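Hello,

Here is the structure I promised you. Please open it first, then read my notes below.

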Amino acid sequence: MHKLLDKVFRLKAHGTSVRTELLAGMIGFFTVVYIIVVNSSILSEAGVPYQGAILATIFISVVGCLVMGFWANAPLILMPGMGINALFAYNFVQTLGLSWQQALAVVVVSGFLFMILAFTPLARKLNDTIPLILKQGITVGLGLFLVLLGLEKGELITRGKHAILAIGDMHDPFVWSTLITLIITMILLVRKVPGAFLWSILVGTLVSVLFGVHGEVSKDALSLAPWKDVLFQADFSGVGQVAFWTSVFSLTMVLVFETVGLTYGQTKQLGQTEKLPRVLQASSFTAFLSGLFGTSPTISALESGSMSASGARTGLSSVTVAIFFLMSLVLMPYISFIPNSAIAPILIVIGISMLQEMKEMDLSNAADTFSALLIVIIIPFSYSIADGIAAGFIAYPILKLFTKNRTRTPILMYIIAALFLLQFILQ
């Protein structure tokens, strides 16, 4: 078996072993297992059946990690992306008015377009064209948005009349359950406890029991039947609507910029940039399948770094994560017991961690700074990821025209800005 694994994943050539890869994969799984609950919870707010969303999340993560492991041989975890699932639920469905089935069709089309880019040199060229500061602005803006969603889901803040935010009711035991769990989660991360998010969910659920705000254990036996409620439910009847193509455009932009930028950084950190083309191909193929499986698109998880930090160097660790995701099916009846007070703190701390990208931003150029900060500010304040990205990409080439030390702005940036402006007009 060891010889076969070495032949498939080239373990010796990568300076690693079966034991190291398996252990790293196990650690990787425990850092991302929260996605089963969190992603399903966000999708359910768009009307996606909760149990179906859980199964879709598990199965697309299984397939994604297998494809990444065997095709790209890279120690990366593919799972539904945080921020992108919010775009799916809160923008496409709640703001633009698409049904969740039509939103799944958007995912399929965007995934297909991403595949066209990924299997050609276009994705890398497009990523190289977009200024780094704008990509950093997207990351920070998404972080702020996740913090806002987490604060609301945990009822630490509430949205009153005229969408005015207010501090939550401090007499509510649910609020205290969220607050205590948030503090514990931060402590776990500060102490760099392995599997901190998993422990956060477990401890948060225990705290919710003490405060009497927990969910209910499902009495239904383990069944794959709920998956049929979301599997192949993508509805293409909205292809004639402006909202549909606006969503396709926005999602494709986010998918390409976030995935290419993130995976380039991850493969560079691993010293395996030669694997980037196959990593992008695996990512785009799984994103395409996401809409068919019944969930928002997958991306390469930020938590993949936990595997490389544990010594992982090949796709065997990704395959290990896939096996653990499959094993998580036996926990399904108990997942509904986990309340939002245990989920919200994870959204908050992930968002906060994304804000750290701000320190890497070069704010010395006013035109670059204003464009990037427009993205950062408008995403959470407009409650729209797409609108925030659009505002920054429109402003960038315009402001560049008025800078004293003019540097040539790529024509592609003007085209992208024009498309985003057209999107605003059509909306």
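Which charged end sits over the ring of W71? The charged end of R278 does, 3.7 Å from the ring centre. A charge sits over a ring if NZ of Lys or CZ of Arg is within 6 Å of the ring centre and within 35 degrees of the ring normal.

Some ground rules. This is a predicted model, where local features need pLDDT of at least 70, side-chain atom pairs count only at pLDDT 80 or more, and totals for chains, interfaces and linings use all residues. Residues are numbered from 1 along each chain as its sequence is written, and side-chain values use heavy atoms, without hydrogens and water.

Now the aromatic pairs. There are 13 in the structure. Rings of Phe, Tyr and Trp (its six-membered ring) pair if their centres lie within 6.5 Å; planes under 30 degrees apart are stacked, over 60 edge-to-face, the rest tilted.

F29 and F324 are stacked, with 5.4 Å between centres and 25 degrees between planes. F29 is in helix α2 (residues 18-32) and F324 in helix α14 (residues 316-327), so the pair ties together parts 295 residues apart in sequence. Helices are DSSP runs (H or I, at least four residues), numbered from the N terminus. F29 has 5% relative accessibility, so F29 counts as buried. Buried means under 20% relative accessible area, exposed over 50%, partly exposed in between (1.4 Å probe, protein chains only).

Y34 and F197 pair edge-to-face, at 5.0 Å and 70 degrees. Both Y34 and F197 are buried.

Best wishes

Notes
Helices (H or I, at least four residues) and strands (E, at least two) are DSSP runs, numbered from the N terminus.
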